[in-house]
Amino acid sequence: MSFPVVSATVFAPLVGAALIFCLSPARKELIRWIAAVTTGISLVLAAYLVLAYDLSAGGVQFAEKINWLPSFGIKYFVGVDGISAVMLLLTAIVGFTGVFASWGIQDRVKEYYITFLALTFACAGVFASFDIFLLFVFFELAVLPKYILISVWGSTKKEYAAMKLALYLTLGGAITLLGILCLYFVAGINSLDLLELARHEFTRNQQLLLFAIFALGFSVQVPIVPLHSWLPDAHTGAPTAGSMILAGVVMKLGAYGIIRIACWLFPQGALFWAPVIAVLAIVCVVYAAFVAMGQKDLKYMIANSSISHMGYSVLGIAALTVASLAGALFQFFAHGIMAALNFAIAGMTYDRTHTRVIAAMGGLAKVMPVLGIAFAIGCLASVGLPGTASFWAEFSVFVGSFPIFPTLSILAISGIVFTAYYMLRALQRVYFEPLRHKEFAKLKDAVWHDWVVITVIVFFIVAMGVYPSLLMNLITSGLDPIMAGFKGATPVAGLTTWLAALGGVR
């Protein structure tokens, strides 16, 4: 029997949580190092999956399948295709750096790392699952650790933010569960195996309805405007590492579900609803960018920026071309590490200045040059500067979306201008204006665990900006079975045509 490398990647953080559970709370240093080592193991294994994946063979590799509930056709089925391998790598990077970003936490260290590792485990499980029920279990398992992280170790309005997040995500989960039940009975094959369901032929009306249910359920987690209001509060209420994994990984779970389940199993539904999704994507890009421009709180600004950036991914999903979908998935990775860096620097800055108000800071680069340079790299990556991973993600989304939605794509490009305005303005006000407050002159720059976070994330931002083919080829290979369902069809791009099609459905 070969080594179960996918399960080891997923469960390594959970093993770390179990080991920490057995320790005395007083052994804080050992607890931190166990978290670092187990998430480090997960990172090494995820990197191995990326490098060892056979592009020429394609499909699901390193598969592990065990019957779990045979009477319902439910299996423990994990593995990786090109998409899963990239998303597992993203989760491992954010999980590993999140441990070091939390190094300064002194309150209930044992419980904190158990919760954080449990969240990392649940997110990795979503990306590795090829049984829809198993995917849903991991999806729901991620809600409780998020709630605890915010409500216990959070700050501004933490109880309100935690409850709002839990209610929204539970609503999304309930809608998704409804979709799974409908899918189970409509398919009638006593299985929720994604590969088996992908071979099943659903009628057009079934696809339209099931796509709508799954897309609505997963949209809460993206989040798509108007289902987004939980996110800024959750980000600002969460501790630094909580914000990192929330923006870096959790926001990707919903969009991943739309591609992995809704687009793959219901291509006609995806084609039909594409214009609606494209319009919502542009609302996300433009609306969230305007909101970000008006923010005085640094974390609120980055949170709204994340909603705007996810709009690019949603546009790429709506266009349903290979280039746009590959760009959307590459944006998952690029935005995941970029947002993690921005939130990490915002948290490190807050730990030193005890303020998140942009206007209350200024000139911090004079006393914290490393943090200033790291935030500058994060800002430039947000703008999509060539040489950063974000550039290739946005470029691919626009190239793939423009032939399908030319007007909406042009509107989406305007988001880059808005992003440049608010990110560079924040960079200037926080770090590169004259030093305003004498008490800030004694602040410390990055310490060793900050260096770990910055070095690892900046490495991947630049490496994937210089050599994007490594992940882009993987993503494209993972899209092959999904694109087979579209067979050269294009979404209904015109609103009039779409309304006429809607009449046809009735």
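**Entry 1: the model**

I am working from a predicted model.

**Entry 2: helix 14 against helix 16**

I looked up how helix 14 (residues 322-353) sits against helix 16 (residues 389-401). Their axes are 7 Å apart, and the packing angle is about 155°. Angles over 145 degrees count as roughly antiparallel, so helix 14 and helix 16 are roughly antiparallel to each other. I noted the handedness of this crossing as left-handed.

Next I listed the residues that meet. From helix 14 I have Ala323, Ser324, Ala326, Gly327, Ala328, Phe330, Gln331, Ala334 and Met338. From helix 16 I have Ala389, Ser390, Trp392, Ala393, Glu394, Ser396, Val397, Gly400 and Ser401. Sorted by class, the contact of helix 14 with helix 16 holds 10 nonpolar, seven polar and one charged residues.

**Entry 3: helix 11 against helix 14**

I then turned to helix 11 (240-265). Helix 11 packs with helix 14 at about 165°, and their axes are 7 Å apart. Helix 11 and helix 14 are therefore roughly antiparallel to each other. This crossing is right-handed.

On the helix 11 side, the contact uses Thr240, Ser243, Met244, Ala247, Gly248, Lys252, Ala255, Tyr256 and Ile259. On the helix 14 side I wrote down Leu325, Leu329, Phe332, His335, Gly336, Ala339, Ala340, Phe343, Ala344 and Gly347. By class, I have 12 nonpolar, six polar and one charged for the contact of helix 11 with helix 14.

**Entry 4: helix 19**

How far does helix 19 reach from its first C-alpha to its last? I read 20 Å, close to the 21 Å expected at 1.5 Å a residue. Helix 19 has 15 residues and covers 469-483.

Which residues of helix 19 are buried? I found Leu471, Met472, Leu474, Ile475, Ser477, Gly478, Leu479, Ile482 and Met483. An α-helix has 3.6 residues a turn, so residues three or four places apart point the same way.

**Entry 5: Pro275**

Where is Pro275 placed? I located Pro275 in helix 12 (residues 267-293). Is Pro275 buried or exposed? Its relative accessible area is 8%. Buried means under 20%, so Pro275 is buried.

Last, I looked at Pro275 and Gly73. They are 202 residues apart in sequence. In space, I have 35 Å from C-alpha to C-alpha for Pro275 and Gly73.

Key
Residues numbered from 1 in each chain as written. Predicted model: local features only at pLDDT ≥ 70, side-chain atom pairs only at ≥ 80, totals over all residues. Heavy atoms only, no water. Axes fitted to C-alpha atoms, helices over the stretch in contact; angles between N-to-C directions. Helix = DSSP H or I, 4+ residues; strand = E, 2+ residues; numbered from the N terminus. Parallel < 35°, antiparallel > 145°, perpendicular 65-115°, else oblique. Left-handed = near helix turned anticlockwise from the far one by under 90°. Contact = heavy atoms within 4.5 Å. Nonpolar A, V, L, I, M, F, W, Y, C, P; charged D, E, K, R; others polar. Expected span 1.5 Å × (residues − 1). Buried < 20%, exposed > 50% of the residue type's maximum accessible area, 1.4 Å probe, protein only.
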